Amino acid sequence: MPIQIGSLTVPGRVYVPPMAGVTDLVYRNIVRKVDKGCLLATEMVSSKGLMFKPETRLMDLAEDEHPIGIQLFGHEPEVMAQAAQIAEKKGADFIDINMGCPVPKITNGKDGCALMREPDLARELVLAVKGVVSVPVTVKFRLGWDDNTKNCVQFGQMLEAAGASAVTVHGRTRQQRYSGTADWTMIAEVKKALSIPVFGNGDVFEPEDAARLLEMTGCDGVAVARGTLGNPWLIPRITKYLDHGILDDPPDSVDRLILAVQHCLGLIAYKGVRVGTSESRRHLINYTKGMHKSAPYRNRLTQINSAAEVVGILSELSEQEAGAEGKNRFLAVVQNYDFGDGENPGERNGNGEGSFKPPVNVDAVFPVAKP
Ligand SMILES: Cc1cc2nc3c(=O)[nH]c(=O)nc-3n(C[C@H](O)[C@H](O)[C@H](O)COP(=O)(O)O)c2cc1C
């Protein structure tokens, strides 16, 4: 069932929302391999940072990944407006404004969820951005700042009146960060009060969770973040379950390992071997989660420094999971991979290894694993 976000028609009901340090070009490419229709977004991008470095690779978009939005954070209307123009030029199908990030480094500067305490400023931001771009403007926010100030309903109404074309609501307060469970009943209240599309967000890890969230809230779509980590197949499985009531099995271990190695090699090619392997470690841990007797392999994966090491470890794991057939299936995918000079293929692309700095230390602030 398509969703209309202003002038943008989105074919599916699943949205993979921004995740700093995760939803980069490579991650989104992996998602697109398994799902063509979901809505995508970049990591959050600092509007102020863009004034100094408009060419940040955080906004790199691939031609075949639309529909995709660029998420911006900031609290200065003029700066946000300029940043939005840059993002539109980069090819964003919509501009999402981050009003939900709970991390002190962001909220201390009045950005992210701090804007929920300054609705007038939040309104100005939407108006300023709306005024200068022709693509739809959306906002992502939480239930409120803390237990005593759950202003999401009024906040959503204010955003709609200011011209937001859709909103995503994470069913937690800033105070909760990621603790407790997401309160879908309050998301339902936001949905009831608004006419623009609402994406409900929080704690969807299985297709049945998505169906329950949509039923309970009446939301137009569902935003699924942590559930997709090492598990992008969740997205097409949700869509099939919602559209046809069919619950597909998750892929087998070898298919998971194949996507894992593609993800890792993609990161090395794009970011260089040092950053690529370092960032791959947590993704690889996610892909291999739950595999039988995988602990020693996972331990080794946390220490990888080269593409060849990853291929070696994952091929051993494929064999353990599915015998010689599994190993052959895995190796067939990487047989033409060019390990280049030694083991540093990504170093040769000259694309500025080390230039990838998400605005927050994601390992420190976000609980990546399912609680
Ligand atoms: C590693 C990580 C990074 C995140 N970065 C962002 C971000 O840049 N912008 C944002 O609006 N939300 C960010 N989030 C929040 C998610 O988009 C989502 O709202 C939250 O994880 C709840 O959804 P979930 O239960 O499906 O994970 C991040 C979450 C995680 C786990």
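Tutor: One definition comes before the questions: a residue is buried if 20 or more other C-beta atoms, placed from the backbone, lie within 10 Å of its own, exposed if 12 or fewer, and partly exposed in between. The model is predicted, so local features need pLDDT of at least 70 and side-chain atom pairs count only at pLDDT 80 or more, while totals for chains, interfaces and linings use all residues. Residues are numbered from 1 along each chain as its sequence is written.

Student: Is Trp-184 buried or exposed?

Tutor: Trp-184 is found in helix H7, where helices are DSSP runs of H or I with at least four residues, strands are runs of E with at least two, and both are numbered from the N terminus. Trp-184 has 23 C-beta neighbours inside 10 Å, and therefore it counts as buried.

Student: Which residues does Trp-184 touch, not counting residues up to four places away in sequence?

Tutor: Two residues are in contact if their C-beta atoms, placed from the backbone, lie within 7 Å. With that cut-off, and leaving out residues up to four places away in sequence, Trp-184 touches Gly-171, Gly-200, Leu-213, Met-216 and Thr-217.

Student: At what angle do the axes of H7 and H8 cross?

Tutor: Axes are lines fitted to C-alpha atoms, for helices over the stretch in contact, and angles run from 0 to 180 degrees between N-to-C directions. For helix H7 (residues 184–193) and helix H8 (residues 207–217), the axes come within 8 Å and cross at roughly 50°.

Student: Which word describes H7 relative to H8 at that angle?

Tutor: Angles under 35 degrees count as roughly parallel, over 145 as roughly antiparallel, 65 to 115 as roughly perpendicular and the rest as oblique. The axes of H7 and H8 cross at roughly 50°. That makes H7, relative to H8, oblique.

Student: Which residues of H8 meet H7?

Tutor: On the H7 side, the residues are Trp-184, Ile-187, Ala-188 and Lys-191. They meet, in H8, Leu-213, Met-216 and Thr-217.

Student: How many nonpolar residues does the contact of H7 with H8 have?

Tutor: Ala, Val, Leu, Ile, Met, Phe, Trp, Tyr, Cys and Pro count as nonpolar, Asp, Glu, Lys and Arg as charged, and the others, Gly among them, as polar. By class, the contact of H7 with H8 has 1 charged, 1 polar and, as nonpolar residues, 5.

Student: Which residues of H9 meet H8?

Tutor: The axes of H8 and H9 come within 8 Å and cross at roughly 55°. That makes H8 oblique to H9. From H8, Pro-207, Ala-210 and Ala-211 take part, and they meet, in H9, Arg-237, Ile-238, Tyr-241 and Leu-242.

Student: Where is the cis peptide bond that ends at Pro-67?

Tutor: Pro-67 is in the loop between helix H2 (47–52) and strand S5 (68–73). Most residues other than glycine have a negative phi, and most peptide bonds are trans. Here omega is near 5°, and the cis bond runs from His-66 to Pro-67.

Student: Is Lys-293 buried or exposed?

Tutor: Lys-293 is in the loop between helix H11 (273–287) and helix H12 (295–301). It is not a glycine, yet Lys-293 has a positive phi of about 50°. Because 9 other C-beta atoms lie within 10 Å, Lys-293 is exposed.
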